Amino acid sequence: MQLEAKNIGFSYDKSRWIFRNLDFTIGAGEIVGIRGRSGCGKTTFARVLSGYEQQKEGTVTLKNSPLPKRGYQPVQLVFQHPEKAVNPKWRMEKVLHEGGKIDGQLLDLLGVKQEWLTRWPNELSGGELQRFCVARALGTGTRFLIADEMTTMLDAITQAQIWHAVVEIARQRKIGIVVISHEEALIRRLCTRVVTFS
Ligand SMILES: Nc1ncnc2c1ncn2[C@@H]1O[C@H](COP(=O)(O)OP(=O)(O)OP(=O)(O)O)[C@@H](O)[C@H]1O
Ligand SMILES: [Mg+2]
């Protein structure tokens with residue numbers, strides 16, 4: 001199982017390429033870091049790799065096929081702002097099950113409390129909400145997780161708990177993870193390989 005971007009290029013408008021001729025490959029169970037200065041295109045790349053944006057050139061393939069256009073998305077993206085990623089009109093249990101079947105062990109590891117399930121998104125802290133977004137992204141059909149500054153706004157203890165849970169589940173299910181971060185220490189601790197964007 002491989003997620004592969006080959007010779008991809010992307011631009012928001014015709015005047016400027018955000019990136020071009022970019023190759024990237026990640027295998028099952030691998031944890032790969034991406035770093036690079038602010039504005040160099042990491043989030044844009046994350047969106048292309050997870051099918052939220054269509055590349056203008058090149059191909060993105062999972063197991064040698066294009067990403068599925070409908071149904072469950074095996075390449076899941078979690079980004080920095082959980083409040084922008086949940087429907088404010090849904091209670092948390094509904095938000096959670098948007099991601100298909102979620103296993104109980106994952107919720108325990110992430111420290112999601114039972115009593116949070118009946119609340120609305122605005123009744124949770126940013127850190128509590130992010131645990132839901134991480135759980136939702138790790139539905140049983142997920143093969144790759146793209147974590148774009150996923151724990152940047154959290155304190156060190158919450159950050160460590162979330163990453164411990166994610167790495168444990170990824171190890172069990174051979175999920176590959178792309179860690180996009182400005183935190184060198186985090187990348188060094190988690191990743192077996194690092195790519196620098198310029
Ligand atoms: N929707 C958009 N329309 C036009 N330009 C955009 C859009 N989103 C991002 N950009 C531009 O694309 C470039 C890359 O942005 P991107 O968010 O991918 O950078 P980044 O590497 O993730 O930065 P950071 O480290 O600050 O998160 C920036 O110059 C940004 O202004
Ligand atoms: Mg970004």
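**Close-up views of a predicted model**

**View 1. Residue V194 and its setting in strand 9.** V194 is partly exposed, because its relative accessible area comes to 34%, a value that falls between the limit for buried residues, under 20%, and that for exposed residues, over 50%. In this predicted model, V194 belongs to strand 9, which runs over residues 193-196. Although V194 and I26 stand 168 residues apart along the chain, their C-alpha atoms are separated by 11 Å.

**View 2. The residues around ligand 1.** Ligand 1 is surrounded by Y12, R16, I18, R37, S38, G39, C40, G41, K42, T43, T44 and H182, and the residues of this shell divide into 3 nonpolar, 6 polar and 3 charged.

**View 3. Oxygen atoms of ligand 1 and polar atoms of S38, G39 and T44.** In the side chain of S38, an N or O atom is 2.4 Å from an oxygen atom of ligand 1, while a polar side-chain atom of T44 lies 2.6 Å from an oxygen atom of the ligand.

**View 4. The buried residue D148.** D148 is found in strand 7, which spans residues 144-148. This residue is buried yet has no salt bridge, and the nearest side chain of opposite charge, that of K42, is 6.9 Å away.

Technical notes: Residues numbered from 1 in each chain as written. Chains lettered and ligands numbered in written order. Predicted model: local features only at pLDDT ≥ 70, side-chain atom pairs only at ≥ 80, totals over all residues. Heavy atoms only, no water. Near = heavy atom within 4 Å. Polar contact = N/O pair within 3.5 Å; in protein donor to acceptor, adjacent residues only side chain to side chain. Nonpolar A, V, L, I, M, F, W, Y, C, P; charged D, E, K, R; others polar. Helix = DSSP H or I, 4+ residues; strand = E, 2+ residues; numbered from the N terminus. Buried < 20%, exposed > 50% of the residue type's maximum accessible area, 1.4 Å probe, protein only. Lys, Arg positive; Asp, Glu negative; His and termini not counted. Salt bridge = Lys/Arg side-chain N within 4 Å of Asp/Glu carboxyl O.
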